[in-house]
Amino acid sequence: MKKKIVISAALLAFGAMTAQAGGLLTNSNQNAAFLRYMAQNGLIDIAGIYANPAGGAFLGNGWHLSLNSQTAIQQRNILTTFPYFALNTQNQNATHEFKGKALAPVIPSLTVAYNKDKWSFSGHFALTGGGGKCEFDKGLGSFETLYSSTIAQQLPGMVNNMVKNTVLDGLLKAGVPSDMAGGIVDKGTFNSAMTGYSLDAFMRGRSYYFGLQLGAAYKFSDNMSAFVGVRGVYATCNYYGYVQDVVANFTYSYSVPTKALMGADMTGGGTGAQKLGDNTLTMNADQTSFGVTPIIGIDYKVNDQWNFAAKFEAPTKMNLKNKTEMNDFAKLQSAQPGNVLGQFADDAKVREDIPGILSLGTMYTPNEKLRMGAGYNVYFDKSAKKYGDKQDLIDHNTWELNASVEYSLAKRVAVSASWQTTQYGLSDEYMNDLSFNLSNHMVGFGFRIKATDRFDIDLGYMHTFYGDRTVTTLGGLKTDVYSRKNDVVAIGFNLNL
């Protein structure tokens, strides 16, 4: 019984945590210039090669390089309300806050292009998805919800059986025959209830999707160019978590009809604490995969003022290969058909495709000092295969809209500001502790400093305003309020030779 309590709760908790496995891989931020000028889909610039690779054909002959580093500080917070939380001896409140802290001190990217007449050969290396790790030092609400509810449901039966056995032993030691003693105990009244619990939980997730993009753009005329390329994506993820030191406090009472035999009924009661099972469930899962993304793009440069561009990235098939260490409890369960831990079983493969992407953009340069742009992205999340067909829980594909403006204050200094909105179509069923994204608005600003005629420096800052999301589950008993915070600073160095 003790083992059953720990296993049943922990498996469900890990089931909630596994659903993310890399998440919606929709990173459009690929360099420092993005923070200050997000409308890169129609940009003709070395900083725009990732978003508009066909536009690279309109750069001058020679080498063009861009080296960038970003620093991101993030939080993923969940306020979980559940009745049993009030019995937690460490925090006697029905609402608990679970804070996930994420820091990515260095997010690098490198872009290189070489232009010769009508040809432009380019390469781009960056994190196309993931980008850091997130730690929940108190575990997750799903962990605690499932442990507290499972203990509350199963503990009374376990305690009653313990008391029954104690009473039965007492009758047998008093010389009552075993058949008679068993019958007397069966007629007794036994009551018990959980009065408190405590546990130690921890969760950490890490996800990096490294992308190396190579391709060539060809300028068919002074106005039209096209790009064909491919991106190789290497994914490396890790999920580590545990629940341990689970202790339940309880009260109990009993009344056994022994009056006819002993002159009085046996009654009693009291309090106690029970450490459950071997009190540990641990898992440490490494996941790796490699996929290939075909890319095509087109750029139409109407004149010196207007430019339009489009890009399509095909879906990327990703099968994450597991290398996992589990304790014995988890191993036994992961071997069962259909069990949620099966997706973390050692040597198993998990389908987590990167969605196809369609990008559209424009750039307008009315004069030498002013540049403006706008862009649109749609991510075909509903068509990207995921473990357990989780893509079916998405209501609509993710889409983004952005706008940017840049103005030259002086010959060598330009200031810019930018805005982008990202709208997810995730259903309530899709959302959980480690698999939630929130629709948001991003604002950014920064500078481009032209240190020399061939060397530029990009400086940018971006803040994201997320909309909170409230999801109610378990028939209205459990409520989760999801929120996020995100700040990014970056520096980029651009060289044109």
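User: How do I read accessibility here? Is Asp-286 buried, partly exposed or exposed?

Analyst: Asp-286 counts as partly exposed, because its relative accessibility is 31%. Partly exposed is the class between buried, under 20%, and exposed, over 50%. Keep in mind that this is a predicted model.

User: Which residue forms a salt bridge with Asp-286?

Analyst: Start with the general idea. Side chains of opposite charge can pair when their charged atoms come close. Here Asp-286 pairs with Arg-206, and their closest N and O atoms are 3.9 Å apart.

User: What is the relative accessibility of Arg-206?

Analyst: Its value is 23%, so Arg-206 counts as partly exposed.

User: How many salt bridges are found in the whole structure?

Analyst: The search finds 17. One of the salt bridges joins the side chains of Glu-406 and Arg-371, at 3.1 Å from N to O. Glu-406 sits in strand β13 (residues 394–410) and Arg-371 in strand β12 (residues 370–379), so this pair ties together parts that are 35 residues apart in sequence.

User: Are Glu-406 and Arg-371 buried or exposed?

Analyst: Both are buried. Now take another pair. Arg-469 forms a salt bridge with Asp-428, with the closest N and O atoms 2.8 Å apart. These partners are 41 residues apart: Arg-469 is in strand β17 (residues 469–473), while Asp-428 is in the loop between β14 (413–426) and β15 (440–450).

User: What are the relative accessible areas of Arg-469 and Asp-428?

Analyst: Arg-469 has 22%, so this residue is partly exposed. Asp-428 has 37% and is therefore partly exposed.

User: Which residues do salt bridges with shared partners join into one network?

Analyst: The network holds Arg-36, Asp-45, Arg-371, Glu-406, Arg-448, Lys-450, Asp-456 and Asp-458.

User: Let us turn to the surface. Which residues gather in a patch of positive charge?

Analyst: Four lysines do: Lys-99, Lys-101, Lys-138 and Lys-485. Patch members need over 30% relative accessible area and no salt bridge. Take Lys-99, in strand β2 (residues 95–116). Its relative accessible area is 39%, so Lys-99 is partly exposed.

User: Which residues make the nonpolar surface patch?

Analyst: The members are Leu-67, Leu-110, Phe-125, Leu-212, Leu-214, Tyr-407, Leu-409, Phe-447, Ile-449, Leu-459, Ile-491 and Phe-493. Together they make a patch of about 990 Å². Strands β4, β13, β15 and β18 (478–496) each supply at least two of its residues.

User: Where does Ile-491 lie, and what is its relative accessibility?

Analyst: Ile-491 is in strand β18. With 31% relative accessibility, Ile-491 counts as partly exposed.

User: One last case, on contacts. Which residues does Pro-108 touch?

Analyst: Leave out residues up to four places away in sequence, and Pro-108 touches Asn-68, Phe-125, Ala-126 and Leu-127. Phe-125 also belongs to the nonpolar patch. Pro-108 itself lies in strand β2. Its relative accessible area is 38%, so Pro-108 is partly exposed.

User: How many residues apart along the chain are Pro-108 and Thr-421?

Analyst: They are 313 residues apart along the chain, and 24 Å separates their C-alpha atoms.

Note on methods: Residues numbered from 1 in each chain as written. Predicted model: local features only at pLDDT ≥ 70, side-chain atom pairs only at ≥ 80, totals over all residues. Heavy atoms only, no water. Patch = residues over 30% accessible without salt bridge, like charges linked within 9 Å, V, L, I, M, F, W, Y side chains within 5 Å. Areas by Shrake-Rupley, 256 points an atom, 1.4 Å probe, with all protein chains shown as cover. Lys, Arg positive; Asp, Glu negative; His and termini not counted. Charge placed at Lys NZ, Arg CZ, Asp CG, Glu CD. Helix = DSSP H or I, 4+ residues; strand = E, 2+ residues; numbered from the N terminus. Buried < 20%, exposed > 50% of the residue type's maximum accessible area, 1.4 Å probe, protein only. Contact = heavy atoms within 4.5 Å.
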